[in-house]
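Take a moment to look at the sequence and the structure side by side. We will walk through them together.

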Amino acid sequence: MKYALVTGGSRGIGRAICLKLAAMGHPVIINYQSNQEAAEETKQAVEAAGGQAELLPFNVSDSEAVDTAIENWQNAHPEDYIGILVNNAGIRKDTLMIFMQNNDWQNVINTTLNGFFYITRRVIKGMLSKRDGRIINMASLSGIKGQAGQSNYSAAKAALIGATKALAQEIGSRKITVNAVAPGFIATDMTKDFNEADFKKMIPAGRFGKPEEVAALVGFLASDDAAYINGEVISINGGLYT
């Protein structure tokens with residue numbers, strides 16, 4: 001059976017992606033680090049809609065934890081493989097660089113960029129053997145244009161875009177696509193401290209995006225219809241930056 005793994009899948013965009021992929025008929029593996037209650041709620045929502053889901057807690061920035069979790073999952077599912085990987089886990093530690101502490105820089109890089117590396121290098125082994133796979137990396141508007149106060153976040157997301165393009169060339173011949181989605185301002189917990197009234201004045205659409213709108217794009221990229229889209233970065237930002 002072909003599973004979909006969504007890192008940081010317990011809330012916000014991650015939860016919406018889990019629900020979308022499950023609705024498309026994929027059993028979903030919901031990764032989370034510590035918020036088990038939110039993860040359980042996502043699992044229940046998937047199951048209530050008729051889908052199949054299981055939880056897989058681990059810290060994406062811990063290489064040993066990633067290896068152990070994936071190995072344990074594979075041992076428990078010897079006939080199955082992870083054919084869809086959505087690297088969604090990420091954190092923000094916003095501040096101007098002059099005030100930024102080492103941990104603010106390192107934690108953001110570790111979660112977004114190193115997390116992508118640790119999990120993807122393990123999961124692509126199964127994809128390569130099956131000659132089938134979809135990898136979707138959640139980048140950001142900040143990784144394309146940069147954002148004041150987000151030098152760490154912008155650097156991590158820009159690096160993720162570069163890695164997306166490189167990996168797409170490495171494994172594209174094995175019928176595995178690697179693409180990035182770059183959301184703008186989406187109404188989630190990550191943007192709840194933003195002044196939406198001020199920011200939406202800059203957005204031609206006049207509003208923040210919905211997690212479900214991002215999930216719809218991810219669902220398309222995970223589908224057979226997107227088999228010839230590879231190494232791309234697709235923005236979803238209401239026209240804010242085009």
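What follows is a short tour of a helix pair and of some salt bridges.

This is a predicted model, in which local features need pLDDT of at least 70 and side-chain atom pairs count only at pLDDT 80 or more, while totals for chains, interfaces and linings use all residues. Residues are numbered from 1 along each chain as its sequence is written, and side-chain values use heavy atoms, leaving out hydrogens and water.

Let us begin with helix α1 (residues 12-23) and helix α2 (residues 36-48), whose axes come within 9 Å and cross at roughly 25°. Helices here are DSSP runs of H or I with at least four residues, and axes are lines fitted to C-alpha atoms over the stretch in contact, with angles from 0 to 180 degrees between N-to-C directions. The two helices are therefore roughly parallel to each other, a label for angles under 35 degrees.

Now see where they touch, contact being heavy atoms within 4.5 Å. From α1 come Arg-15, Cys-18, Leu-19 and Ala-22, and these meet Ala-38, Glu-41, Thr-42, Ala-45 and Val-46 in α2.

Two of these residues, Arg-15 and Glu-41, also join their side chains in a salt bridge (3.4 Å, N to O); the term asks for a side-chain nitrogen of Lys or Arg within 4 Å of a carboxyl oxygen of Asp or Glu. Since Arg-15 lies in helix α1 and Glu-41 in helix α2, the pair ties together parts that are 26 residues apart in sequence.

The structure holds six salt bridges. Another one links Glu-47 and Lys-43 (2.7 Å, N to O), which sit four residues apart in helix α2, separated by about one helical turn.

Note on methods. Parallel < 35°, antiparallel > 145°, perpendicular 65-115°, else oblique.
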